[in-house]
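Subject: Structure handover

Hello,

Here is the structure we discussed, with notes on what came out of it. Please look it over before reading on.

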Amino acid sequence: MTDTPDSAASPEIASLSFEAAMGELETIVRRLESGDVSLEESVTLYERGHALRGHCEARLAAAQARIEQVSLGADGRPTGTTPFGES
């Protein structure tokens with residue numbers, strides 16, 4: 001197994017919205033925490049959860065990169081924008 005987030009995932013993970021991926025990840029966590037799954041199924045669920053986590057992190061990073069910070073002038077009016085995280 002490699003360390004890339006999508007290595008254990010089926011191709012459809014890439015098409016999931018952030019909300020759908022988080023929902024599935026939460027379901028996986030609940031199932032793993034319940035202890036009612038076999039070892040083999042636990043490993044499969046963990047691998048899918050790992051891929052879903054990576055997908056969610058990538059979607060968040062992409063969203064953060066698109067956010068712009070609005071600069072205000074002395075009069076309180078917008079004067080321009082700068083990429084998120086820059087001052």
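Start with His-55, which counts as buried because its relative accessibility is 8%. Buried means under 20% relative accessible area, exposed means over 50%, and partly exposed is in between (1.4 Å probe, protein chains only). His-55 sits in helix α2. Leaving aside neighbours within four places in sequence, His-55 is in contact with Ile-13, Ala-14, Leu-16, Ser-17 and Ala-21. Contact means heavy atoms within 4.5 Å.

Some ground rules. This is a predicted model: local features need pLDDT of at least 70, side-chain atom pairs count only at pLDDT 80 or more, and totals for chains, interfaces and linings use all residues. Residues are numbered from 1 along each chain as its sequence is written, and side-chain values use heavy atoms, with hydrogens and water left out.

Now the overall layout. The chain has two helices and two strands. Along the sequence the pattern is α-α-β-β. Helices (H or I, at least four residues) and strands (E, at least two) are DSSP runs, numbered from the N terminus. The chain has 87 residues, and 18% of them are buried. Of the contacts with a separation of 6 or more, 48% are between residues 24 or more positions apart.

Next, helix α2. It covers residues 39-66. At 1.5 Å a residue, its 28 residues should span 40 Å, and the end C-alpha atoms are 41 Å apart, which agrees. The expected span is 1.5 Å times one less than the number of residues. The buried residues of α2 are Ser-42, Leu-45, Arg-48, Gly-49, Ala-51, Leu-52, Gly-54, His-55 and Cys-56. What covers them includes α1 (18-34). His-50 also lies in α2, but is partly exposed, with a relative accessible area of 21%. His-50 and Leu-25 are 25 residues apart in sequence and 8.6 Å apart in space, C-alpha to C-alpha.

How do the two helices pack? The axes of α1 and α2 come within 9 Å and cross at roughly 150°. Axes are lines fitted to C-alpha atoms, for helices over the stretch in contact, and angles run from 0 to 180 degrees between N-to-C directions. The two helices are therefore roughly antiparallel. The cut-offs are under 35 degrees for roughly parallel, over 145 for roughly antiparallel and 65 to 115 for roughly perpendicular, with the rest oblique. On the α1 side, the contact is made by residues including Phe-18, Ala-21, Leu-25 and Ile-28. On the α2 side, Leu-45, Leu-52, His-55 and Cys-56 are among them.

The largest nonpolar core has ten residues: Ile-13, Leu-16, Ala-21, Leu-25, Ile-28, Val-37, Leu-45, Ala-51, Leu-52 and Cys-56. α2 gives the most to this core, with four residues. A nonpolar core is a set of buried Ala, Val, Leu, Ile, Met, Phe, Trp, Tyr and Cys residues joined through side-chain atoms within 4.5 Å.

Ala-21 touches Leu-16, Leu-52, His-55 and Cys-56, not counting residues up to four places away in sequence. Val-37 lies in the loop between α1 and α2. At 16% relative accessibility, Val-37 counts as buried.

Best wishes
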